[in-house]
There are 4 protein chains.
Amino acid sequence: MEVAYTKIEVRYAETDQMGVVHHSNYVVWCELGRTHFIEQLGFKYHQLEKEGVLSPVTNIDLTYKVPAVYGETVQIATWVESYDGVRVIYGYEIKNAKDEICVTGNSTHVCVNKETFRPLAIRKHLPAWHAAYEKAKK
Amino acid sequence: MEVAYTKIEVRYAETDQMGVVHHSNYVVWCELGRTHFIEQLGFKYHQLEKEGVLSPVTNIDLTYKVPAVYGETVQIATWVESYDGVRVIYGYEIKNAKDEICVTGNSTHVCVNKETFRPLAIRKHLPAWHAAYEKAKK
Amino acid sequence: MEVAYTKIEVRYAETDQMGVVHHSNYVVWCELGRTHFIEQLGFKYHQLEKEGVLSPVTNIDLTYKVPAVYGETVQIATWVESYDGVRVIYGYEIKNAKDEICVTGNSTHVCVNKETFRPLAIRKHLPAWHAAYEKAKK
Amino acid sequence: MEVAYTKIEVRYAETDQMGVVHHSNYVVWCELGRTHFIEQLGFKYHQLEKEGVLSPVTNIDLTYKVPAVYGETVQIATWVESYDGVRVIYGYEIKNAKDEICVTGNSTHVCVNKETFRPLAIRKHLPAWHAAYEKAKK
(Lines give C-alpha, C1' and ligand atoms only; values in the text may rest on other atoms or scores of the structure.)
Protein backbone atom coordinates (compact mmCIF):
# COMPACT_ATOMS: atom_id res chain seq x y z
CA MET A 1 0.00 0.00 0.00
CA GLU A 2 1.26 3.44 -0.99
CA VAL A 3 1.79 5.83 1.95
CA ALA A 4 3.04 9.42 1.79
CA TYR A 5 4.82 10.88 4.82
CA THR A 6 4.82 14.65 5.33
CA LYS A 7 6.67 16.59 7.99
CA ILE A 8 4.78 19.62 9.32
CA GLU A 9 6.33 22.19 11.63
CA VAL A 10 3.66 23.43 14.05
CA ARG A 11 2.95 27.15 13.53
CA TYR A 12 2.41 29.51 16.46
CA ALA A 13 -0.78 30.77 14.80
CA GLU A 14 -2.11 27.20 14.89
CA THR A 15 -2.17 27.11 18.69
CA ASP A 16 -5.11 28.28 20.80
CA GLN A 17 -5.46 29.37 24.40
CA MET A 18 -5.48 25.73 25.57
CA GLY A 19 -1.76 25.93 24.72
CA VAL A 20 -2.04 23.25 22.01
CA VAL A 21 -2.88 23.11 18.31
CA HIS A 22 -6.50 24.09 17.63
CA HIS A 23 -8.41 21.08 16.29
CA SER A 24 -9.41 22.79 13.02
CA ASN A 25 -5.79 22.91 11.88
CA TYR A 26 -5.47 19.13 11.59
CA VAL A 27 -8.06 19.37 8.80
CA VAL A 28 -5.62 21.65 6.94
CA TRP A 29 -2.72 19.31 7.66
CA CYS A 30 -4.67 16.39 6.16
CA GLU A 31 -5.03 18.49 3.00
CA LEU A 32 -1.25 18.94 2.94
CA GLY A 33 -0.92 15.18 3.31
CA ARG A 34 -3.25 14.65 0.32
CA THR A 35 -1.28 17.12 -1.80
CA HIS A 36 1.88 15.12 -1.13
CA PHE A 37 0.23 11.75 -1.59
CA ILE A 38 -1.06 12.87 -4.99
CA GLU A 39 2.41 14.14 -5.94
CA GLN A 40 3.85 10.78 -4.93
CA LEU A 41 1.38 9.15 -7.35
CA GLY A 42 2.80 11.44 -10.06
CA PHE A 43 0.03 14.05 -10.26
CA LYS A 44 -0.47 17.68 -9.22
CA TYR A 45 -3.78 18.73 -7.72
CA HIS A 46 -3.42 22.31 -9.00
CA GLN A 47 -2.93 20.88 -12.51
CA LEU A 48 -6.22 18.97 -12.16
CA GLU A 49 -8.00 22.21 -11.31
CA LYS A 50 -6.50 23.89 -14.39
CA GLU A 51 -8.08 21.09 -16.42
CA GLY A 52 -11.48 22.03 -14.99
CA VAL A 53 -11.86 19.40 -12.27
CA LEU A 54 -12.26 20.06 -8.53
CA SER A 55 -12.12 17.46 -5.80
CA PRO A 56 -14.22 18.70 -2.87
CA VAL A 57 -14.44 17.00 0.51
CA THR A 58 -17.75 15.28 1.24
CA ASN A 59 -16.90 14.00 4.71
CA ILE A 60 -14.19 14.38 7.29
CA ASP A 61 -13.91 12.26 10.43
CA LEU A 62 -11.01 12.89 12.79
CA THR A 63 -10.30 11.42 16.21
CA TYR A 64 -8.07 13.44 18.52
CA LYS A 65 -5.80 11.64 20.98
CA VAL A 66 -2.70 13.62 22.00
CA PRO A 67 -2.51 17.35 21.19
CA ALA A 68 0.38 18.63 19.07
CA VAL A 69 2.24 21.65 20.43
CA TYR A 70 4.21 24.60 19.08
CA GLY A 71 7.93 23.91 18.94
CA GLU A 72 7.61 20.42 17.50
CA THR A 73 7.40 18.91 14.04
CA VAL A 74 4.66 16.37 13.43
CA GLN A 75 4.44 13.77 10.70
CA ILE A 76 1.31 12.91 8.78
CA ALA A 77 0.93 9.57 7.01
CA THR A 78 -1.58 9.62 4.14
CA TRP A 79 -2.92 6.68 2.15
CA VAL A 80 -5.98 5.54 0.18
CA GLU A 81 -8.34 3.74 2.53
CA SER A 82 -10.88 2.92 -0.16
CA TYR A 83 -11.66 3.78 -3.77
CA ASP A 84 -14.59 2.68 -5.91
CA GLY A 85 -14.08 4.57 -9.16
CA VAL A 86 -16.08 7.56 -8.00
CA ARG A 87 -15.25 8.29 -4.36
CA VAL A 88 -11.85 8.14 -2.74
CA ILE A 89 -11.39 7.89 1.01
CA TYR A 90 -8.00 8.98 2.29
CA GLY A 91 -6.73 7.70 5.65
CA TYR A 92 -4.49 9.77 7.94
CA GLU A 93 -2.33 9.25 10.98
CA ILE A 94 -0.59 12.22 12.57
CA LYS A 95 2.25 11.54 15.03
CA ASN A 96 4.19 13.97 17.16
CA ALA A 97 7.94 14.09 17.78
CA LYS A 98 7.65 11.45 20.56
CA ASP A 99 5.98 9.08 18.06
CA GLU A 100 2.67 9.39 19.88
CA ILE A 101 -0.48 9.36 17.74
CA CYS A 102 -2.08 12.81 17.81
CA VAL A 103 -4.88 12.28 15.33
CA THR A 104 -6.27 9.50 13.14
CA GLY A 105 -9.05 9.82 10.63
CA ASN A 106 -10.19 9.93 7.07
CA SER A 107 -11.75 12.19 4.47
CA THR A 108 -13.98 11.38 1.52
CA HIS A 109 -13.69 13.11 -1.85
CA VAL A 110 -15.40 13.12 -5.20
CA CYS A 111 -14.52 14.91 -8.42
CA VAL A 112 -16.75 17.61 -9.89
CA ASN A 113 -16.79 19.89 -12.90
CA LYS A 114 -15.24 23.24 -11.91
CA GLU A 115 -18.01 25.32 -13.50
CA THR A 116 -21.10 23.28 -12.66
CA PHE A 117 -20.02 21.39 -9.50
CA ARG A 118 -21.61 18.31 -11.18
CA PRO A 119 -20.02 14.97 -10.19
CA LEU A 120 -17.54 13.30 -12.54
CA ALA A 121 -16.70 9.60 -12.28
CA ILE A 122 -12.95 9.33 -11.81
CA ARG A 123 -12.98 5.93 -13.53
CA LYS A 124 -14.36 7.48 -16.70
CA HIS A 125 -13.03 11.05 -16.83
CA LEU A 126 -9.59 10.62 -15.25
CA PRO A 127 -8.32 7.20 -16.36
CA ALA A 128 -4.72 7.87 -15.29
CA TRP A 129 -5.83 8.85 -11.80
CA HIS A 130 -8.13 5.82 -11.72
CA ALA A 131 -5.25 3.47 -12.49
CA ALA A 132 -3.06 5.14 -9.87
CA TYR A 133 -5.75 4.94 -7.17
CA GLU A 134 -6.43 1.30 -8.00
CA LYS A 135 -2.74 0.54 -7.60
CA ALA A 136 -2.28 2.70 -4.48
CA LYS A 137 -5.11 1.22 -2.49
CA LYS A 138 -3.67 -2.28 -2.49
CA MET B 1 -34.82 19.24 22.93
CA GLU B 2 -32.77 22.44 23.38
CA VAL B 3 -31.41 23.85 20.10
CA ALA B 4 -29.30 27.00 19.68
CA TYR B 5 -29.42 28.86 16.35
CA THR B 6 -26.48 31.03 15.34
CA LYS B 7 -26.25 33.30 12.30
CA ILE B 8 -22.79 33.42 10.72
CA GLU B 9 -21.85 35.86 7.98
CA VAL B 10 -19.41 34.16 5.61
CA ARG B 11 -16.01 35.88 5.65
CA TYR B 12 -14.01 36.43 2.47
CA ALA B 13 -10.95 34.91 4.16
CA GLU B 14 -12.98 31.71 4.66
CA THR B 15 -13.27 31.10 0.91
CA ASP B 16 -10.71 29.18 -1.12
CA GLN B 17 -9.87 29.05 -4.82
CA MET B 18 -12.83 26.71 -5.48
CA GLY B 19 -14.88 29.89 -4.91
CA VAL B 20 -16.63 28.45 -1.86
CA VAL B 21 -15.99 28.21 1.88
CA HIS B 22 -12.97 26.02 2.68
CA HIS B 23 -14.11 22.90 4.54
CA SER B 24 -11.91 23.57 7.60
CA ASN B 25 -13.96 26.67 8.48
CA TYR B 26 -17.11 24.72 9.24
CA VAL B 27 -15.16 23.19 12.15
CA VAL B 28 -14.70 26.72 13.51
CA TRP B 29 -18.37 27.52 12.91
CA CYS B 30 -19.40 24.45 14.94
CA GLU B 31 -17.31 25.84 17.77
CA LEU B 32 -19.25 29.12 17.55
CA GLY B 33 -22.45 27.08 17.65
CA ARG B 34 -21.26 25.33 20.84
CA THR B 35 -20.35 28.66 22.48
CA HIS B 36 -23.89 29.88 21.87
CA PHE B 37 -25.53 26.63 22.90
CA ILE B 38 -23.63 26.74 26.21
CA GLU B 39 -24.67 30.37 26.73
CA GLN B 40 -28.27 29.37 26.08
CA LEU B 41 -27.89 26.78 28.87
CA GLY B 42 -26.77 29.63 31.13
CA PHE B 43 -23.01 29.02 31.16
CA LYS B 44 -19.89 30.64 29.69
CA TYR B 45 -17.15 28.44 28.29
CA HIS B 46 -14.46 31.04 29.06
CA GLN B 47 -15.64 31.04 32.68
CA LEU B 48 -15.18 27.25 32.80
CA GLU B 49 -11.57 27.66 31.64
CA LYS B 50 -10.95 30.27 34.35
CA GLU B 51 -12.09 27.63 36.86
CA GLY B 52 -9.38 25.29 35.53
CA VAL B 53 -11.41 23.06 33.22
CA LEU B 54 -10.91 22.63 29.47
CA SER B 55 -13.24 20.81 27.11
CA PRO B 56 -11.18 19.50 24.20
CA VAL B 57 -12.62 17.85 21.10
CA THR B 58 -12.01 14.10 20.86
CA ASN B 59 -13.79 13.54 17.53
CA ILE B 60 -15.29 15.56 14.74
CA ASP B 61 -17.36 14.09 11.92
CA LEU B 62 -18.77 16.46 9.29
CA THR B 63 -20.61 15.67 6.06
CA TYR B 64 -20.53 18.32 3.34
CA LYS B 65 -23.49 18.72 1.00
CA VAL B 66 -23.87 22.20 -0.50
CA PRO B 67 -20.97 24.68 -0.20
CA ALA B 68 -21.56 28.01 1.53
CA VAL B 69 -20.38 31.10 -0.36
CA TYR B 70 -19.17 34.60 0.42
CA GLY B 71 -21.97 37.16 0.39
CA GLU B 72 -24.43 35.02 2.32
CA THR B 73 -25.26 34.43 5.97
CA VAL B 74 -25.57 30.84 7.12
CA GLN B 75 -27.31 29.49 10.18
CA ILE B 76 -25.97 26.76 12.41
CA ALA B 77 -28.26 24.73 14.65
CA THR B 78 -26.50 23.14 17.65
CA TRP B 79 -27.89 20.62 20.11
CA VAL B 80 -26.81 17.78 22.41
CA GLU B 81 -26.95 14.52 20.51
CA SER B 82 -25.89 12.38 23.45
CA TYR B 83 -24.49 12.77 26.95
CA ASP B 84 -23.44 10.07 29.43
CA GLY B 85 -22.06 12.08 32.35
CA VAL B 86 -18.53 12.08 30.91
CA ARG B 87 -18.71 12.68 27.16
CA VAL B 88 -21.00 15.07 25.36
CA ILE B 89 -21.73 14.76 21.65
CA TYR B 90 -23.00 17.94 20.00
CA GLY B 91 -25.00 17.72 16.78
CA TYR B 92 -24.87 20.40 14.06
CA GLU B 93 -26.82 21.39 10.98
CA ILE B 94 -25.63 24.33 8.88
CA LYS B 95 -28.04 25.84 6.37
CA ASN B 96 -27.45 28.54 3.78
CA ALA B 97 -29.68 31.50 2.91
CA LYS B 98 -31.76 29.30 0.54
CA ASP B 99 -32.45 26.93 3.45
CA GLU B 100 -30.33 24.22 1.83
CA ILE B 101 -28.31 22.00 4.17
CA CYS B 102 -24.61 22.77 3.73
CA VAL B 103 -23.15 20.58 6.45
CA THR B 104 -24.36 18.13 9.09
CA GLY B 105 -22.25 16.47 11.72
CA ASN B 106 -21.24 16.11 15.30
CA SER B 107 -18.32 16.57 17.66
CA THR B 108 -17.42 14.73 20.85
CA HIS B 109 -15.99 16.45 23.91
CA VAL B 110 -14.71 15.54 27.35
CA CYS B 111 -13.61 17.76 30.22
CA VAL B 112 -10.03 17.78 31.46
CA ASN B 113 -8.01 19.52 34.13
CA LYS B 114 -6.36 22.61 32.59
CA GLU B 115 -2.92 21.87 34.06
CA THR B 116 -2.71 18.09 33.73
CA PHE B 117 -5.09 17.40 30.79
CA ARG B 118 -6.44 14.53 32.96
CA PRO B 119 -10.13 13.67 32.34
CA LEU B 120 -12.79 14.96 34.71
CA ALA B 121 -16.25 13.38 34.92
CA ILE B 122 -18.77 16.15 34.23
CA ARG B 123 -21.34 14.33 36.40
CA LYS B 124 -19.05 14.57 39.41
CA HIS B 125 -17.02 17.77 38.95
CA LEU B 126 -19.54 20.04 37.22
CA PRO B 127 -22.96 19.17 38.70
CA ALA B 128 -24.68 22.28 37.31
CA TRP B 129 -23.46 21.49 33.79
CA HIS B 130 -24.47 17.86 34.31
CA ALA B 131 -28.02 18.85 35.18
CA ALA B 132 -28.20 21.23 32.22
CA TYR B 133 -26.93 18.60 29.75
CA GLU B 134 -29.35 16.01 31.13
CA LYS B 135 -32.21 18.44 30.58
CA ALA B 136 -30.97 19.67 27.18
CA LYS B 137 -30.59 16.25 25.60
CA LYS B 138 -34.26 15.34 26.01
CA MET C 1 -17.32 61.34 7.35
CA GLU C 2 -19.00 57.96 6.83
CA VAL C 3 -18.06 55.32 9.44
CA ALA C 4 -19.31 51.73 9.62
CA TYR C 5 -19.40 49.98 12.99
CA THR C 6 -19.23 46.18 13.12
CA LYS C 7 -19.57 43.97 16.18
CA ILE C 8 -17.35 40.89 16.13
CA GLU C 9 -17.61 38.09 18.67
CA VAL C 10 -14.12 36.72 19.35
CA ARG C 11 -13.84 33.07 18.24
CA TYR C 12 -11.97 30.49 20.30
CA ALA C 13 -10.04 29.44 17.19
CA GLU C 14 -8.76 33.02 16.91
CA THR C 15 -6.84 32.79 20.19
CA ASP C 16 -3.28 31.51 20.46
CA GLN C 17 -1.20 30.14 23.32
CA MET C 18 -0.53 33.65 24.62
CA GLY C 19 -4.19 33.45 25.71
CA VAL C 20 -5.23 36.35 23.46
CA VAL C 21 -6.33 36.81 19.84
CA HIS C 22 -3.53 35.99 17.37
CA HIS C 23 -2.47 39.14 15.53
CA SER C 24 -3.24 37.73 12.07
CA ASN C 25 -6.97 37.64 12.85
CA TYR C 26 -7.30 41.41 13.08
CA VAL C 27 -6.43 41.46 9.37
CA VAL C 28 -9.52 39.30 8.76
CA TRP C 29 -11.64 41.51 11.03
CA CYS C 30 -10.61 44.59 9.00
CA GLU C 31 -11.90 42.78 5.93
CA LEU C 32 -15.23 42.25 7.69
CA GLY C 33 -15.24 45.96 8.48
CA ARG C 34 -14.68 46.80 4.81
CA THR C 35 -17.50 44.47 3.73
CA HIS C 36 -19.89 46.33 6.03
CA PHE C 37 -18.59 49.77 5.10
CA ILE C 38 -19.17 48.97 1.43
CA GLU C 39 -22.69 47.70 2.21
CA GLN C 40 -23.37 50.93 4.09
CA LEU C 41 -22.39 52.81 0.90
CA GLY C 42 -24.99 50.74 -0.94
CA PHE C 43 -22.76 48.20 -2.69
CA LYS C 44 -21.89 44.51 -2.35
CA TYR C 45 -18.28 43.43 -2.78
CA HIS C 46 -19.32 39.96 -4.02
CA GLN C 47 -21.43 41.66 -6.68
CA LEU C 48 -18.36 43.62 -7.84
CA GLU C 49 -16.47 40.34 -8.26
CA LYS C 50 -19.33 38.91 -10.32
CA GLU C 51 -18.91 41.89 -12.63
CA GLY C 52 -15.26 40.93 -13.15
CA VAL C 53 -13.53 43.31 -10.75
CA LEU C 54 -11.36 42.35 -7.77
CA SER C 55 -10.07 44.71 -5.11
CA PRO C 56 -6.82 43.27 -3.72
CA VAL C 57 -4.92 44.68 -0.75
CA THR C 58 -1.64 46.40 -1.63
CA ASN C 59 -0.63 47.37 1.91
CA ILE C 60 -1.72 46.71 5.45
CA ASP C 61 -0.38 48.56 8.48
CA LEU C 62 -1.75 47.66 11.92
CA THR C 63 -0.64 48.82 15.36
CA TYR C 64 -1.49 46.58 18.29
CA LYS C 65 -2.23 48.11 21.69
CA VAL C 66 -4.46 45.96 23.93
CA PRO C 67 -5.10 42.33 23.01
CA ALA C 68 -8.68 41.15 22.48
CA VAL C 69 -9.69 37.99 24.33
CA TYR C 70 -12.14 35.12 23.89
CA GLY C 71 -15.43 35.73 25.67
CA GLU C 72 -15.78 39.34 24.56
CA THR C 73 -17.27 41.14 21.58
CA VAL C 74 -15.15 43.79 19.90
CA GLN C 75 -16.25 46.61 17.65
CA ILE C 76 -14.44 47.70 14.52
CA ALA C 77 -14.92 51.19 13.09
CA THR C 78 -14.15 51.44 9.36
CA TRP C 79 -13.90 54.58 7.23
CA VAL C 80 -12.19 55.94 4.11
CA GLU C 81 -8.94 57.58 5.12
CA SER C 82 -8.03 58.68 1.61
CA TYR C 83 -9.16 58.16 -1.98
CA ASP C 84 -7.64 59.51 -5.18
CA GLY C 85 -9.75 57.89 -7.91
CA VAL C 86 -7.49 54.85 -8.13
CA ARG C 87 -6.43 53.82 -4.63
CA VAL C 88 -8.59 53.73 -1.55
CA ILE C 89 -7.12 53.65 1.95
CA TYR C 90 -9.46 52.38 4.65
CA GLY C 91 -8.89 53.34 8.28
CA TYR C 92 -9.73 51.04 11.20
CA GLU C 93 -10.10 51.25 14.95
CA ILE C 94 -10.90 48.11 16.93
CA LYS C 95 -12.14 48.52 20.51
CA ASN C 96 -12.84 45.87 23.12
CA ALA C 97 -15.81 45.62 25.49
CA LYS C 98 -14.12 48.00 27.96
CA ASP C 99 -13.86 50.61 25.18
CA GLU C 100 -10.07 50.23 25.09
CA ILE C 101 -8.40 50.54 21.70
CA CYS C 102 -7.05 47.11 20.68
CA VAL C 103 -5.81 47.92 17.18
CA THR C 104 -5.63 50.90 14.85
CA GLY C 105 -4.45 50.87 11.27
CA ASN C 106 -5.23 51.09 7.61
CA SER C 107 -5.20 49.08 4.40
CA THR C 108 -4.70 50.19 0.82
CA HIS C 109 -6.66 48.74 -2.11
CA VAL C 110 -6.81 49.06 -5.85
CA CYS C 111 -9.21 47.52 -8.35
CA VAL C 112 -8.05 45.02 -10.96
CA ASN C 113 -9.55 43.01 -13.76
CA LYS C 114 -10.50 39.55 -12.44
CA GLU C 115 -8.92 37.67 -15.34
CA THR C 116 -5.77 39.69 -15.98
CA PHE C 117 -5.12 41.30 -12.55
CA ARG C 118 -4.48 44.55 -14.52
CA PRO C 119 -5.32 47.76 -12.60
CA LEU C 120 -8.59 49.56 -13.27
CA ALA C 121 -9.10 53.20 -12.32
CA ILE C 122 -12.14 53.34 -10.04
CA ARG C 123 -12.88 56.88 -11.25
CA LYS C 124 -13.25 55.64 -14.81
CA HIS C 125 -14.57 52.07 -14.56
CA LEU C 126 -16.77 52.27 -11.47
CA PRO C 127 -18.38 55.75 -11.52
CA ALA C 128 -20.99 54.92 -8.87
CA TRP C 129 -18.31 53.66 -6.46
CA HIS C 130 -16.21 56.72 -7.31
CA ALA C 131 -19.04 59.06 -6.34
CA ALA C 132 -19.68 57.13 -3.13
CA TYR C 133 -16.00 57.17 -2.11
CA GLU C 134 -15.75 60.89 -2.85
CA LYS C 135 -18.73 61.52 -0.62
CA ALA C 136 -17.66 59.08 2.12
CA LYS C 137 -14.17 60.48 2.58
CA LYS C 138 -15.38 63.93 3.55
CA MET D 1 23.81 41.01 8.41
CA GLU D 2 22.19 37.76 9.52
CA VAL D 3 19.36 36.57 7.24
CA ALA D 4 17.24 33.42 7.66
CA TYR D 5 15.68 31.85 4.57
CA THR D 6 12.56 29.70 4.97
CA LYS D 7 10.81 27.70 2.27
CA ILE D 8 7.02 27.63 2.58
CA GLU D 9 4.79 25.42 0.47
CA VAL D 10 1.54 27.26 -0.24
CA ARG D 11 -1.44 25.46 1.33
CA TYR D 12 -4.76 25.13 -0.47
CA ALA D 13 -6.54 26.45 2.62
CA GLU D 14 -4.47 29.63 2.32
CA THR D 15 -6.04 30.57 -1.02
CA ASP D 16 -9.22 32.60 -1.37
CA GLN D 17 -11.78 33.02 -4.14
CA MET D 18 -9.49 35.47 -5.96
CA GLY D 19 -7.50 32.31 -6.76
CA VAL D 20 -4.43 33.52 -4.86
CA VAL D 21 -3.15 33.42 -1.28
CA HIS D 22 -5.33 35.47 1.08
CA HIS D 23 -3.36 38.45 2.39
CA SER D 24 -3.76 37.48 6.07
CA ASN D 25 -1.62 34.36 5.56
CA TYR D 26 1.54 36.32 4.83
CA VAL D 27 1.31 37.54 8.43
CA VAL D 28 1.51 33.90 9.54
CA TRP D 29 4.40 33.23 7.15
CA CYS D 30 6.35 36.15 8.65
CA GLU D 31 5.90 34.47 12.02
CA LEU D 32 7.40 31.27 10.60
CA GLY D 33 10.28 33.37 9.28
CA ARG D 34 10.86 34.80 12.76
CA THR D 35 10.79 31.34 14.36
CA HIS D 36 13.56 30.25 11.98
CA PHE D 37 15.56 33.44 12.33
CA ILE D 38 15.54 33.01 16.12
CA GLU D 39 16.61 29.37 15.76
CA GLN D 40 19.45 30.50 13.51
CA LEU D 41 20.57 32.84 16.32
CA GLY D 42 20.63 29.78 18.59
CA PHE D 43 17.39 30.29 20.53
CA LYS D 44 13.91 28.76 20.64
CA TYR D 45 10.89 30.99 20.97
CA HIS D 46 8.87 28.29 22.75
CA GLN D 47 11.69 28.00 25.31
CA LEU D 48 11.43 31.74 25.95
CA GLU D 49 7.72 31.35 26.70
CA LYS D 50 8.46 28.51 29.13
CA GLU D 51 10.73 30.95 30.96
CA GLY D 52 7.78 33.33 31.36
CA VAL D 53 8.45 35.79 28.54
CA LEU D 54 6.17 36.54 25.58
CA SER D 55 7.08 38.59 22.54
CA PRO D 56 3.87 40.11 21.15
CA VAL D 57 3.63 42.05 17.89
CA THR D 58 3.06 45.80 18.30
CA ASN D 59 2.99 46.69 14.60
CA ILE D 60 2.87 44.92 11.26
CA ASP D 61 3.31 46.68 7.92
CA LEU D 62 3.19 44.58 4.75
CA THR D 63 3.22 45.67 1.12
CA TYR D 64 1.74 43.27 -1.42
CA LYS D 65 3.16 43.12 -4.94
CA VAL D 66 2.67 39.78 -6.72
CA PRO D 67 0.25 37.24 -5.25
CA ALA D 68 1.55 33.77 -4.32
CA VAL D 69 -0.48 30.83 -5.63
CA TYR D 70 -1.24 27.25 -4.64
CA GLY D 71 1.13 24.78 -6.27
CA GLU D 72 4.26 26.79 -5.63
CA THR D 73 6.80 27.09 -2.83
CA VAL D 74 7.71 30.58 -1.69
CA GLN D 75 10.77 31.70 0.21
CA ILE D 76 10.77 34.20 3.03
CA ALA D 77 13.91 36.08 4.01
CA THR D 78 13.89 37.38 7.61
CA TRP D 79 16.38 39.73 9.27
CA VAL D 80 16.63 42.32 12.04
CA GLU D 81 15.89 45.75 10.59
CA SER D 82 16.46 47.61 13.84
CA TYR D 83 16.96 46.89 17.53
CA ASP D 84 17.33 49.34 20.42
CA GLY D 85 17.52 47.07 23.46
CA VAL D 86 13.74 47.09 23.95
CA ARG D 87 12.05 46.83 20.57
CA VAL D 88 13.09 44.64 17.67
CA ILE D 89 11.89 45.28 14.13
CA TYR D 90 12.11 42.29 11.80
CA GLY D 91 12.28 42.82 8.05
CA TYR D 92 10.76 40.37 5.53
CA GLU D 93 10.91 39.69 1.83
CA ILE D 94 8.78 36.92 0.36
CA LYS D 95 9.61 35.68 -3.15
CA ASN D 96 7.76 33.19 -5.31
CA ALA D 97 9.20 30.38 -7.41
CA LYS D 98 9.89 32.80 -10.32
CA ASP D 99 11.99 34.94 -7.93
CA GLU D 100 9.38 37.72 -8.06
CA ILE D 101 8.84 39.69 -4.85
CA CYS D 102 5.39 38.88 -3.48
CA VAL D 103 5.50 40.81 -0.22
CA THR D 104 7.91 43.05 1.68
CA GLY D 105 7.43 44.45 5.13
CA ASN D 106 8.32 44.47 8.77
CA SER D 107 6.93 43.74 12.21
CA THR D 108 7.76 45.29 15.57
CA HIS D 109 7.99 43.29 18.79
CA VAL D 110 8.60 43.87 22.47
CA CYS D 111 8.99 41.38 25.30
CA VAL D 112 6.49 41.18 28.14
CA ASN D 113 6.02 39.18 31.31
CA LYS D 114 3.76 36.18 30.53
CA GLU D 115 1.52 36.72 33.57
CA THR D 116 1.25 40.52 33.70
CA PHE D 117 1.87 41.51 30.05
CA ARG D 118 4.20 44.21 31.50
CA PRO D 119 7.10 45.20 29.21
CA LEU D 120 10.57 43.77 29.85
CA ALA D 121 13.70 45.40 28.43
CA ILE D 122 15.49 42.76 26.37
CA ARG D 123 18.83 44.45 27.13
CA LYS D 124 18.34 43.90 30.85
CA HIS D 125 16.26 40.71 31.17
CA LEU D 126 17.57 38.66 28.25
CA PRO D 127 21.28 39.47 27.92
CA ALA D 128 22.03 36.53 25.60
CA TRP D 129 19.24 37.59 23.21
CA HIS D 130 20.45 41.19 23.47
CA ALA D 131 23.96 40.21 22.41
CA ALA D 132 22.60 38.09 19.54
CA TYR D 133 20.33 40.89 18.26
CA GLU D 134 23.17 43.41 18.48
CA LYS D 135 25.34 41.10 16.39
CA ALA D 136 22.56 40.14 13.95
CA LYS D 137 21.53 43.68 13.06
CA LYS D 138 24.95 44.64 11.69
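By what turn and what shift along the axis can chain B be laid on chain A? A turn of 180° with a shift of 0.0 Å along the axis does it, and the RMSD is 0.0 Å. That is the relation of a two-fold axis. For such comparisons, copies are superposed by least squares on the C-alpha atoms of residues with pLDDT of at least 70 in both. Of the residues of chain B, B:Asp61 comes closest to the rotation axis, with its C-alpha at 2.1 Å.

The model is a predicted one, in which local features need pLDDT of at least 70, side-chain atom pairs count only at pLDDT 80 or more, and totals for chains, interfaces and linings use all residues. Residues are numbered from 1 along each chain as its sequence is written, while chains are lettered from A and ligands numbered from 1 in the order in which they are written.

The fold of a single chain comes next. Chain A has four helices and eight strands, where helices (H or I, at least four residues) and strands (E, at least two) are DSSP runs numbered from the N terminus. Read from the N terminus on, the elements of chain A follow the order β-α-α-β-β-β-β-β-β-β-α-α. The radius of gyration of chain A is 16 Å, close to the 14 Å that the globule rule gives for 138 residues, so chain A is as compact as a globular protein of that length. This radius is taken over C-alpha atoms, and the globule rule is 2.2 Å times the number of residues to the power 0.38. Along its principal axes, the C-alpha trace of chain A spans about 45 × 30 × 20 Å.

Of the 138 residues in chain A, 40% are buried. A residue counts as buried if 20 or more other C-beta atoms lie within 10 Å of its own, as exposed if 12 or fewer do, and as partly exposed in between, with C-beta atoms placed from the backbone. Two residues are in contact if their C-beta atoms, again placed from the backbone, lie within 7 Å. Among the contacts in chain A with a separation of 6 or more, 67% are accounted for by residues 24 or more positions apart.

Chain C meets chain B through 11 residues, which are in contact with 11 residues of chain B. Helix 1 (residues 24-41) of chain C gives the most to this side of chain C, with four residues. The side of chain C that touches chain B divides into five nonpolar, three polar and three charged residues. Chain C is superposed on chain B by a rotation of 180° with 0.0 Å of shift along its axis, at an RMSD of 0.0 Å. In chain C, the C-alpha nearest that axis belongs to C:Ile8, 5.3 Å away. The same surface serves both copies, as 100% of the contact residues of chain C recur in chain B.

Helix 1 of chain C also meets a helix of chain D. The axes of helix 1 of chain C and helix 1 (residues 24-40) of chain D come within 8 Å and cross at roughly 170°. That makes the two helices roughly antiparallel. Axes are lines fitted to C-alpha atoms, for helices over the stretch in contact, and angles run from 0 to 180 degrees between N-to-C directions; those under 35 degrees count as roughly parallel, over 145 as roughly antiparallel, 65 to 115 as roughly perpendicular and the rest as oblique. C:Ser24, C:Val27 and C:Val28 meet D:Ser24, D:Val27 and D:Val28.

Finally, C:Tyr90 lies in strand 5 of chain C and is buried, with 24 other C-beta atoms within 10 Å.

Key: Nonpolar A, V, L, I, M, F, W, Y, C, P; charged D, E, K, R; others polar.
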